[in-house]
Structure formats: C-alpha cells, structure tokens
Amino acid sequence: MFSKLERKIAFRYLGAKKRGFGSVISWVSLIGIMLGVATLIVVMSVMGGFHDTLLGRIVGMNGHVVVYHQDGAISDFDFLIDKMKQNKAVAQRVVSIVPIAEGQVMATANGNNTGAMLRGIRMSDLAAKTQTGTRIYGKDLTAITDGELVAGASLTRALRVGMGDNISLVSANNAMPTPFGSMPRIMSYPVMSSFFMGMYEYDSGYIFMPLETAQKYLNIGNSVTHIDLFLDNPEDTTAVVESLARLLPDGFVVRDWRDLNRGFVGALQVESNVMFLILMLIVIVAAFNIVSSLVMLVKDKNKDIAVLRTFGVSRMSMMKIFILSGTSIGVIGAFFGTIFGVLVAIYIEPIRQFFQWITGRDLFPAELYYLSELPSKLVWTDVLGIALIAVLLAFLATLYPAWKAANTDPVEVLRNE
C-alpha cells in the first residue's frame, strides 16, 4: 500500500522536531488520543459493569417474569405453579418457580428502627437464589425454621443485633382489631442468619423468613402476593409472558423484568450513550490538533515537496506520505491508550481503594450507587471499536493537509527561490 520511499519520507517528517513528531502540537495530539481512548474504555467498562451487576442482582432477586393478581393475593398458588410447569412453552424456558409473600414493615431493635421489605420464601428457594456472589453468616439457610429470620448485613448493623438477637417487626397492613381500635401488627423474631450481596438496597432493606411464617405475620392465610419465574435465558421472556397471559385466568397480571425496571434500564442505556458521545469529543479535539500540526508541516516543507514533485513523485504519493505521517500519531496514541485503558479497567477497584485511602474520603458511597464495589466489565469488541474509531478520526484529520500537500505547485514554489 505504501512504497519504501513513501514510508521513509513519512517517518522522517514524523521525526522532525520542528513540526513532526517531536513538536509540541504532535505530542499534544498523541497524548489527547491516548487519554481519550483510555477514558472511553474505562468509562464504557464501568458502565457495562454497572448495567450487568445491577440488573443481575435486581433481576436475580425479583424474578425474570412475575405473576400478580389484581386482588393482591394468589390463593391457589400451588395449583397454578403445577399448571405453569405443564405448559410446554413455559417448562422449556423456566428453571424455577418461586412463590413469594411480601410486605413492608418497620424493623426495630435496641432503640433503633428502619424500614424494610419483608419477604416470605421457601428457604430452599432462597438458598438456590443466593448461591452466586452472596456471603451468608450464621445459620445455614436450609436450616432456618418457622419463626426465624434472615436479614441483610447492613440492616443488622444498623439495628445493632447479632445472631440470635430478636428484631420486632411492625406492620400497618392487616392491623389487629382491639377494643380500642386497630393496632399495628407487632411480632418479634430471632435473626439466625445474615447475608451480604454487595448491593446496598438489599443488604440494608430486606428481611427474609420462611413462607409459612410470613403468611401468618401478614395475615394472608395460605396465599402469596406474587409468583417469580426464573428463566434459563433472562433475555428470552416474550414467549413465557405470552404463554402465561393465555394460560392464566382473568385477573392475573404478568410482567417481565424489563417492564418492572423500564425506567432504570432506560436511564442506564441513555447515560451510557451520552457518556460515550461526550468523551469522544476528547478524541475529536486531538484529531483537530493533528490537522493543525500537519498543515504547519506542509507549510514548513513546501520546498521539499516542490523538489520531490520535480523529481517525479506523484500527487498520490505525496498524499500517502502525509496520510501515513498523521495516521501514525493516531495509531500510536490508540495503541498506548488501549493498553492503559484496559489496565485501569481491570484494576479499577484497587485503584479506587488506593485513592480513597490517599484522600480519606468515600469515593463510591454504597448508599448512592447501590453497590459496595466499583464494577467493571471489559467487552473486547467495544475496546477494539474505540481504538478503530480513534485511528479513523486521525486518518480523516490527515486528508485535508495531505490534499494541500499534493496540490502544491512546484513551479510556483521554486520560482520564488
């Protein structure tokens, strides 16, 4: 593609200290492209990590498809679950079906109180859902019996309770009638286990108990508030939702995780796209620096260009010389930027902890971001795409200076000498 002469001249110009690679503008261009590529890789990796981690944990705890009833309770849930399992379209895609009894409560202990979501679930189902990435303290989940609780680690810390200590649960729903009027339902249960998911919303606000205990406390008899279905492929929910809509009687509502988290998923996608466009401006500015550097190089090498044209170097060769010279800056910047960005993305959490130790400030508060660690997910196709975009922008930046060099009139230049 490039002849030996074209490469030799291009790299000679690139190494020229006055206008080439050694000039301040060329270094600014290279560093700008390097930082732009590295920043894009790090930000897109962190955004991808946020997306996957948050959705994985939110969806993982709440089910990929959720079945509700308009009246608020599902009485014959075992019969409905058997009916779902017998449906071919559902059975082929569903891994597990979990009945849930849920309600909001206020948890109090040792003079402290906090709002919490009480979730009644079969302990075998809870153990299966918390196998990946969740730390369990205290009693094994499958050993939890009627009248015992499993609470989030942050919640137990806030209430200052240990394993075996009691937590009082206060619920205004289904209040107990008394001669003096309705009174909130207050019951005390021992905490026998705690869990740490790494997601602040769950660690600080969820309490699990056996399904039968929750049904008694919530006073809903042998009913549940909803049924969660977990699929082998969370992206493939359409067929299951449509099958359940036809299968279930009137009054049932079927929603998948996209419907339940539509605003959250949309916000993450919009934020990711906007961040990409904003940070791409760094690379674009660096590309404009390449334009200015090459324009000055063409002006500085006017005589050399005229002599080369006189010796028979074609206009196309002159264009290729300056295209190669400018694009090389983009290739070098993209190469080192990719290496730097990938390394930072891989070690983003230790880097965060180091700067947090240096500054003495919490740079990633779990209460604000819902996660205890800074997530990162490298998608190699995105990394390659970012690097290629940077090289492409550098290439486009060389076209005008290269065209200007190719159209230099040697007669006009040498006449004035």
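Colleague: So is Tyr189 buried or exposed?

Modeller: Tyr189 counts as buried because its relative accessibility is 8%; buried means under 20% relative accessible area, exposed over 50%, partly exposed in between, with a 1.4 Å probe and protein chains only. Keep in mind that this is a predicted model, where local features need pLDDT of at least 70, side-chain atom pairs count only at pLDDT 80 or more, and totals for chains, interfaces and linings use all residues. Residues are numbered from 1 along each chain as its sequence is written, and side-chain values use heavy atoms, with hydrogens and water left out.

Colleague: OK. How many aromatic pairs are there?

Modeller: The structure holds 6. Rings of Phe, Tyr and Trp (its six-membered ring) pair if their centres lie within 6.5 Å; planes under 30 degrees apart count as stacked, over 60 as edge-to-face and the rest as tilted. In one of them, the ring centres of Tyr189 and Tyr217 are 6.2 Å apart and the planes sit at 80 degrees, so that pair is edge-to-face. It links distant parts of the chain, with Tyr189 in strand β7 (residues 181-196) and Tyr217 in helix α8 (residues 211-218), 28 residues apart. Helices (H or I, at least four residues) and strands (E, at least two) are DSSP runs, numbered from the N terminus.

Colleague: And Tyr217, buried or exposed?

Modeller: Tyr217 is buried, at 2% relative accessibility.

Colleague: Which residues do ring pairs link into a cluster?

Modeller: Phe195, Tyr202, Tyr206 and Phe208.

Colleague: Switching topic: which residues of helix α9 are buried?

Modeller: In α9 (residues 238-247), those are Val240, Val241, Ser243 and Leu244. They lie on the same side of α9 because they cover an arc of only 165 degrees around the axis, taking the directions from the helix axis to the C-beta atoms. The face turned away from that buried side carries the exposed residues Ala245 and Arg246.

Colleague: What covers the buried residues of α9?

Modeller: The cover includes β1 (65-69), α3 (77-86), β9 (226-231) and β10 (252-256).

Colleague: Last one, where does Thr225 lie?

Modeller: Thr225 is in the loop between α8 and β9, and at 16% relative accessibility it counts as buried. Leaving out residues up to four places away in sequence, Thr225 touches Tyr68, Gly72, Ile74, Ile100, Ala101 and Glu102, where contact means heavy atoms within 4.5 Å.
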